[in-house]
Amino acid sequence: MTDDARTAPRGVGVVVVAAGSGTRLGAGMPKAFVPLAGRPLLGWALDTVARVPGLRSVVVVAPSGLADTGAPAWAGVTLPEGAVVVPGGAERTDSVAAGLAALDPACDVVLVHDAARCLAPVAVFVRVVDAVRAGAAGVVPGVAVVDTVKTVDARGVVTGTPDRATLRAVQTPQGFRREVLEAAHAGGAGATDDAALVEQLGHDVLVVDGDPRSFKVTTVDDLAHAERLLAGA
Ligand code: C5P
């Protein structure tokens, strides 16, 4: 090991993206600030992020009109110590890039997490970090797909039926060696997750076990499901 490697900064940085509009939820406010059991989704997500072992830096990417943490919408959100808030962009990729740029340089592992996956358990964060530390360039949590999935053309005609056993529905937090994610964002755009950008660079991305509780709150039914989970029902 070189002297540089021995003294290289280590720590986990988490970018929590919370800048989406939440149009599909129809709550009249950005989704991450919609109340769940009386507190914004973002508050629940950050409670878990604060418990990630080895945590060094947290960046919350907020809607540009809500980047002031003194605003009433932030009531019920506890920022992890030292966390910073930056405004997001038009697309999720833009928001992740803004968060990445604000991350403490001492972080060598970066997790990107959707605030909308507000009940993702800390055990998933640990699995992802451990797999990156074990050498993976990129790691995503995934769950088996229960439906048969079809690919279709522009007319809706089926063009293929992938073998279901080879499919995974992927979630966040997604974890990366920092330099890999930075290179991916420097070159790519238009992907629905960060792993896709890393895949485009030719890196292997490993899937570890996700968790049903890491579902993304998208609709009113999802919000009701989250309320039931918190109530233990
Ligand atoms: O829109 P969707 O539900 O897929 O967004 C996933 C996550 O990305 C959410 O937590 C949302 O707040 C965030 N996002 C963002 N900036 C955008 C779009 C989405 O931070 N422009």
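Start at Pro 173, which sits in the loop between strand 10 (168-170) and strand 11 (174-177). Helices (H or I, at least four residues) and strands (E, at least two) are DSSP runs, numbered from the N terminus. The peptide bond that joins Thr 172 to Pro 173 is cis, with omega about 10°.

This is a predicted model: local features need pLDDT of at least 70, side-chain atom pairs count only at pLDDT 80 or more, and totals for chains, interfaces and linings use all residues. Residues are numbered from 1 along each chain as its sequence is written, and side-chain values use heavy atoms, with hydrogens and water left out.

Now go to the loop between strand 2 (35-36) and strand 3 (39-40), where Ala 37 is placed. Ala 37 is not a glycine, yet its phi is positive, about 50°. Most residues other than glycine have a negative phi, and most peptide bonds are trans. Ala 37 is partly exposed, at 42% relative accessibility; buried means under 20% relative accessible area, exposed over 50%, partly exposed in between (1.4 Å probe, protein chains only).

Turn to the interior. A nonpolar core is a set of buried Ala, Val, Leu, Ile, Met, Phe, Trp, Tyr and Cys residues joined through side-chain atoms within 4.5 Å. The largest has 32 residues; Val 16, Leu 42 and Trp 74 have the most contacts inside it. Helix 4 gives the most to this core, with 7 residues. A second, separate core has 23 residues, among them Val 140, Val 180, Ala 191 and Ala 195.
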